Amino acid sequence: VYGLFDAFFSRKQQVNYAFLSLMPSAAYRFYKGLSFYGSAGYVLMHPSQLNRLWNGRANVKSIYHGLKAETGIGLSHKLSSNITLAPQIGAQYTYIANDHLFTPVIRINLLLTL
């Protein structure tokens, strides 16, 4: 069990989107370093549109809250007794601002064990 903080950015039709999420996650190791993982939690989206007439200030001031879930498969490789390299591939589902987003995920995690 671990926590996952995610941030990504996108741009569509002159609008910049920032997504931030926080999700508790769990992984099940089923063969050597291979594991199946899943997570679900909170996501925040902030759209902004830059306007050159107003010195680059954002003129969209809304913030949306929603739900996010992710699942996939990963591989863990211990680099030392405290450091693990864990690439993952999976898919995310996000429900925010009355919209459904499906996103493929390729992530490389560096895990530090205390």
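## Selections around Gln-92

Select Gln-92 and then display its surroundings: apart from neighbours within four places in sequence, Gln-92 is in contact with Asp-6, Phe-8, Lys-68, Ala-69, Glu-70, Leu-101, Phe-102, Thr-103, Val-105 and Arg-107, where contact means heavy atoms within 4.5 Å. The model is a predicted one, in which local features need pLDDT of at least 70, side-chain atom pairs count only at pLDDT 80 or more, and totals for chains, interfaces and linings use all residues. Residues are numbered from 1 along each chain as its sequence is written, and side-chain values use heavy atoms, with hydrogens and water left out.

Gln-92 belongs to strand β6; strands (E, at least two residues) and helices (H or I, at least four) are DSSP runs, numbered from the N terminus. Because its relative accessible area is 3%, Gln-92 is buried (buried means under 20% relative accessible area, exposed over 50%, partly exposed in between, with a 1.4 Å probe and protein chains only).

Now show the polar contacts of this side chain. A polar contact is a pair of N or O atoms within 3.5 Å; within protein, one must be able to donate a hydrogen and the other to accept it, and residues adjacent in sequence count only if both atoms are side-chain atoms. The side chain of Gln-92 has such a contact with that of Lys-68 at 3.4 Å, and another with that of Glu-70 at 3.0 Å.

**Next, select Glu-70.** This residue lies in strand β4 (residues 64–75). Is Glu-70 buried or exposed? Glu-70 counts as buried because its relative accessibility is 4%. Its side chain also forms a polar contact of 2.6 Å with the side chain of Arg-107. Beyond four places in sequence, the residues in contact with Glu-70 include Leu-4, Met-23, Tyr-37 and Val-105.

**Finally, select two loop residues.** Most residues other than glycine have a negative phi. Lys-32, although not a glycine, has a positive phi of about 45°. It is placed in the loop between β2 (15–31) and β3 (34–48), and Lys-32 counts as exposed because its relative accessibility is 69%. Asn-98, also not a glycine, has a positive phi of about 55°. Asn-98 sits in the loop between β6 (83–96) and β7 (99–112), and a relative accessibility of 68% is why Asn-98 counts as exposed.
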